[in-house]
Amino acid sequence: MTKFNIFSLIKNSLSYHENWEQHWRSPEPKKEYDIVIVGGGGHGLATAYYLASEFGITNVAVLEKGWIGGGNTGRNTTIIRSNYMWDESAKIYEHSLKLFEGLSQELNYNIMFSQRGVLNLAHNVHDLQEMSRRGTAIKLNGIDTTFLNPEQIKEKVPLINLNGRYPILGGLFQPRAGSARHDAVAWGYARSADKLGVDIIQNCEVQGFDIKNGKVQGVKTTRGNIKTKKVGIVCAGHSSVIADMAGFNLPLETVPLQALVSEPIKPVLDTVVMSNAVHVYLSQSDKGELVIGAGTDEFVSYSQRGSFDVIEHIMPPIIELFPFTSRLRQLRQWGGMTDCTTDRSPIISKTPVDGIMINCGWGTGGFKATAGSGNVFASSLAKGEMHPIAQPFSIDRHYDGYLIDEAAAAGVAH
Amino acid sequence: MTQKNRLPKGGRINRQKELSFKYDGKNYIGYDGDTLASALLANDVHLVGRSFKYHRPRGIMSAGVEEPNALVQLETGEYGEPNTRATQLELYNNLTAKSQNCFPSVKYDIGAFNRLISRFIPAGFYYKTFMPNMKGWMFFEKFIRRTAGLGKSTGLPDPDHYARKTVYCDVLVAGGGPAGLVSALNAGKTGARVILMDEQNEMGGWGLTSPNMQIDGKKAIDWISDMLSKIAKLDNVQVVPRCSVIGYFDYNFLTAVERVTDHLGAGNGGSKPRQRFWRIRAKQVILAQGALERPMLFAENDKPGVMMSSSIRTYINRFGVLAGDNIVITTNNDTAYFSALDALNAGAKVTIIDIRKDLKSDLLEKVNEKGITVHKNSAIVNVKGAHRVKAVEMMKLSDDGKSCIGEKREISCNLVGMSSGWTPTVHLYSQARGKLKWDEQRTMFIPDSCQQNVQCVGGCNGTMDMSDTLNESAVSGVKAGKLSGNKSVSATKHKAVSHTEQPPRNLWIIPGEKPITRDRKHFHDFQNDATVTDILLAGREGYLSVEHLKRYTTTGMATDQGKTSNINALAIMAEYRGLTIPEVGTTTFRPPYSTTTIGAIAGEAVGELFEQDRRTPMDAWHKSHDAVYEPVGDWSRARYYPKNGEDMYEAVQRETLATRTSVGVMDGSTLGKIDIRGKDAGKFLDLVYTNVFSSLKSGFCRYGLMLNEHGMVWDDGVTARISENHYHMTTTTGGAGRVYEWLEELHQTEWPEMEVFITSVTEQYAVATLNGPNSAKVLSKICKDIDLDNEAFPFMTFRNGTISGIPATVYRISFTGELSYEINVPARYGLQLWQEIIKAGKEYDICPYGTETMHVLRAEKGFIIVGQDTDGTLTPMDLGMNWIVSKKKPDFIGKRSFARIDTSRQGRKQFVGLLTDDKNIILPEGAHIIESKSIEPHVNMLGHVTSSYMSPNCGHSIALALIEDGFNLKGKKVNVATIEGKVYSASVVDTVFFDKEGKRING
């Protein structure tokens, strides 16, 4: 694998960029693999990469129905943060953030992780109470966080409107959080995994499983049957469809989530700004586009697009908080399918089928977990036992009630 | 001032009305009817901007929505706007605009340094470098961010206002060219309600570009006005110019944006909105959006002065502008010949470079006759000139078209027109989930099938012949009218002068002097500076799928969304992979079709109309008594009433003491109120509350807890039984809407068989709550018809009566532990009630108090506030409220979850009181109870402080907390850590701090 750096770039420039290697192969599927990963998104590719790099398991295939990184990996708003309140969440998201911090170097592929910080806003007393609780918990978990008063917020985000319909009373800021180039995360993992021997097989749709006596024996695909004793299902919005093929149900609802970007403009916003009360989720990409997270549709759907009213309803809050956005133009909108659990926490778990593990339920916030999720899932697949960080995220919690309720933790107004 | 390139006659401009405008600091004159682009070209200004990545000089390339280059910074100050397409910007008097993405000027741009290093920065170069470490990337990123972006935002609030409109129609026709006009006329004749929209300032589309084409025996330009007058006679057809249909969603829901007053100039819109956003539900849709010309990918094809060949024609015929007088037109098809002829007629010298080998067209003879030289089987290999085309260099093509051969010839010129075929505007069709098929002969994706009620006509349908277009449009118009339930009529018949097209030669890459990877740049996506070699590099590196290609090279991601680049990029990738174009696939067309003002989408829902600031009927009194407010959900509630310069702490201490000493009054109008009626109302409430309401006697009240399906508390409140089949429920202020929707959902989806009627009545009643030992005395002064004796009117009952003549319902319930009356009156009497109470209470020093004092008073009694003391993870048992959970009821929401292992286990987080060792320390809410005495990362967290106040009635600070196994910790010490890193010691106690025996409830 050609090492990427300024020297190889110059060297290849001199040969008119005619000699760059392909970043990953397009191999034919083999008859048998030690482990098959279903789903070539960021989480699946990360899983494959860590299986090869940390556990030396390289006879691995990643099966992707379409093209790698084409689902939610390429459709999110690219935010990475770990400011979660519950210990279980804090552990996995922080694990992920730490991996992201060294990922460009580890993969030798610039994923452009930029720690420009994430700012959560408080608009009322209840928000402040909740923020104090969350902030204290985050700090006690050893994760960076600072409380900012309105003046400090204005300094950091000069174009924000502090005195709108819902005045800004304070904010919680995570300096190490930020954004990354989402596609590059998938491509970087793919390139390194491929180099270590993993077969990334695109345009290969899984159509069923060969299961005998409750044990998985292989995977049936549009490109033939593949034998394997271990399968990791990592396919987000399609998880319940794939699980159904393996004969079990998942406590998931798949709903479309939308996002949009403005036309590119010169830098106006250096950090990521989030407000639950006013429903704003905004950052500016390196290209200059304002990246705006919209909401989910209220109905279940597998179509990768959402309803217009969701887009329509995100505009007034954006203008309320950032009045200058009114004269900008929307460039593009798109949707992804989010697999939501009842407690808005993921499922990383064994399944009723021996040999099949599943990693899903990341819902509306999976991108930030890509590295950590792939890492602990790889460990779980390699060892046959769930990684300690993954253990609380078992499917069983939906039966025994041990929920990690990030939805509830967002709090409600009194 | 002369307009050098303005023709002496012709065009749709009003030469009587001169408009002055300023571009890059220089003054120019244009005419009414110009776009900024046509006015600049009239003044011989071609160089208008710098490209995104390499900062190459760029000129005006098109005459419409597809423009990738001519994006300008329009106006300054609050009306300023970045990235405006000069080709769509109608000129108005005193317009001011600047070129973008260049410093210090468009001619001398520092960013052009990137051109020097362009060899080192191909597609995706940033993935391969700038990564010594995290800090390193963030260092480089700063510079990248500054050079990226296009125009500048004003950073100021928008002075304009916008409107939204929702309409229903039988037939929506998108596009007002010849096809659209015929469609609308025919649909209109069926009697259908038709809306015809076009993004231009006038209808006519392609007809305005080719005004002399013969249609139905007339010149196109006359035929158009003929059609428009026929349409104008139909009352059922609405014609909307300056309106772009931009989105096509499910069930024929479409969006459009109308530029109502933009053309009048900044700030001249008067009372009219700047833009209007249309939401349209159409029974039938006809897409008549035409087709867009494709650029030809020869070396240096991005120089200012290189434009689409059809645009040259548009500028001549529509604006009376000949953008250059020495023109080279290069093409692979016939359409460019018409541009050549029009340019010649307008007085230009024209040379044609046709990449086709064997030409036997009547057109060829025609242009030869006129003295135009046609170089066959030839191609441009270089364009000379820095800020404007000076000449092209031309060579012969090899047989396979893969290389150039023979002598290089230079042809001097000041304008180049290019055409590489046409792309039907199938964006909306694709948004509608219509499937496309590839027409190899004509190299275009054309509509195939769609589940929605939509038809495509004309260029949009791949129908390039005018007669065919008009007749297919007529039939489609009639069909759409009929399918939307109107009468059948016969379609109009049309005949236009036809031209038999010679087949095009499809060379997606025009070869240069050197092999493509070593040649000068051949751009395919102009705004994003994506070149042919970028596509080849993506292919070489394995980014083979269209989506990978798009993301790796950024092709199609610019503000024009790939309108001119898409097919070229697909074709080159297909060629690289040895596949057909449909095998490579097409990317998804996403809304909006053209970029749309965010303010327009928001419409009127901004500023004061953003979200209502809800106020209670007593608000005038609070305001005039200097209340400090607190936002609670949508409401603004009085938080406290400071006197004599008190701060919140002092005011709340005074209010808290005064209420327990004598009497206090609070505005409780925001409390959620839901009226529940029907013969199954009791049964319904039994299922949504943990305790029993069907057994409640009329005239009595009961406190209830609502759980979610996980058995967790999510709302509470007192519900009274008014009569056998009638209950009055109260909820938390913030929960009112949520609870109401939940009850409706339950009724409609879970228990539709029940006879229950649920009505939100929150705003119907104003509520004043009297609290304190003297509350009965105050009330008795103004309420003579209710016996307030404790036995006659016991706790947890209600009575109807009158208060100073106002009909009222008085509830004896208490959120303070004091003798308390909650007085409900019709909302319109709220202020009067409040004033009567204040007057009557004067002799007892009645103290109005706000939400903060309410919090302290209830905390002294250990009453929970849902959402503050609970967080959706607590059962009634965790709150020590086992008494409220019915053991007898067969079912209620949440009951089944009590059987879960985690829900029923010992040692869960439990609700307790905390007393700090130092009575003056008020713990911060949100502080955490930790296992050790000092803070170290990953210290075990046992719970947190939910409520914390100084209690003047206890003479001690008090706190409520959730702690693991809290009930068993009572009497023990715990450590409480704050966000600042301090640790306090506190004792775990009972949650009731004051009046533990509950004696004060009866005064």
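1. Let me start at the interface: 71 residue pairs are in polar contact across the boundary of chain B and chain A, both partners being at pLDDT 80 or more. A polar contact here is a pair of N or O atoms within 3.5 Å; within protein, one must be able to donate a hydrogen and the other to accept it, and residues adjacent in sequence count only if both atoms are side-chain atoms. On the side of chain B that touches chain A, helix H3 (residues 134-147) gives the most, with eight residues. That side divides into 52 nonpolar, 43 polar and 34 charged residues. In this scheme Ala, Val, Leu, Ile, Met, Phe, Trp, Tyr, Cys and Pro are nonpolar, Asp, Glu, Lys and Arg are charged, and the others, Gly among them, are polar.

2. A word on the ground rules: this is a predicted model, in which local features need pLDDT of at least 70 and side-chain atom pairs count only at pLDDT 80 or more, while totals for chains, interfaces and linings use all residues. Residues are numbered from 1 along each chain as its sequence is written, chains are lettered from A and ligands numbered from 1 in the order in which they are written, and side-chain values use heavy atoms, with hydrogens and water left out.

3. Back to the interface as a whole. In it, 129 residues of chain B are in contact with 109 residues of chain A, contact meaning heavy atoms within 4.5 Å. Between them the two chains bury about 10500 Å², 56% of it on carbon and sulfur atoms; buried area is the accessible area (1.4 Å probe) that two parts lose on being put together, summed over both.

4. Charge pairing also links the chains, with 12 salt bridges between chain B and chain A. A salt bridge is a side-chain nitrogen of Lys or Arg within 4 Å of a carboxyl oxygen of Asp or Glu. One of these joins A:Glu18 to B:Arg518, with the closest N and O atoms 2.8 Å apart. Another salt bridge pairs B:Glu141 with A:Arg116, its closest N and O atoms being 2.8 Å apart. That pair runs from helix H3 of chain B to the loop between helix H4 (103-107) and strand E4 (118-122) of chain A. Both B:Glu141 and A:Arg116 are buried; buried means under 20% relative accessible area, exposed over 50%, and partly exposed in between (1.4 Å probe, protein chains only).

5. A:Ser326 is worth a look in your viewer. This residue sits in the loop between helix H9 (308-321) and strand E17 (329-340) of chain A; helices (H or I, at least four residues) and strands (E, at least two) are DSSP runs, numbered from the N terminus. A:Ser326 counts as buried because its relative accessibility is 6%. Its side chain makes a polar contact with the side chain of B:Asp158 at 2.7 Å. Leaving aside residues up to four places away in sequence, A:Ser326 touches A:Ile319, B:Asp158, B:Tyr162, B:Thr597, B:Ile598 and B:Gly599. B:Asp158 also belongs to a network of salt bridges with A:Glu263, A:Arg327, A:Arg329, B:Glu81, B:Asp160, B:Asp262 and B:Arg274.

6. Over all chains there are 81 salt bridges. Among them, B:Arg677 and B:Asp675 meet at 2.7 Å, N to O. B:Arg677 is partly exposed at 42% relative accessibility, whereas B:Asp675 is buried at 10%. B:Arg905 and B:Asp902 likewise form a salt bridge, with the closest N and O atoms 2.7 Å apart. Here B:Arg905 is partly exposed at 38% and B:Asp902 is buried at 10%.

7. Helix H13 (residues 546-553) of chain B is mostly covered, with eight of its eight residues buried. These buried residues pack against helix H7 (182-195) of chain A, together with strand E30 (530-531), helix H12 (532-540), helix H14 (566-577) and helix H15 (581-584) of chain B. Just after H13(B), B:Thr554 takes a positive phi of about 65 degrees.

8. If you are thinking about cysteines, the structure holds zero disulfides over all chains, a disulfide being a pair of cysteine sulfur atoms within 2.5 Å. For A:Cys235, the closest cysteine sulfur is that of A:Cys360, at 7.8 Å, so the two are too far apart for a bond. A:Cys235 is buried at 16% relative accessibility, and A:Cys360 is buried at 0%.

9. Finally, chain B itself has 25 helices and 50 strands. Its C-alpha trace spans about 115 × 70 × 60 Å along the principal axes, and buried residues make up 64% of its 1003 residues.
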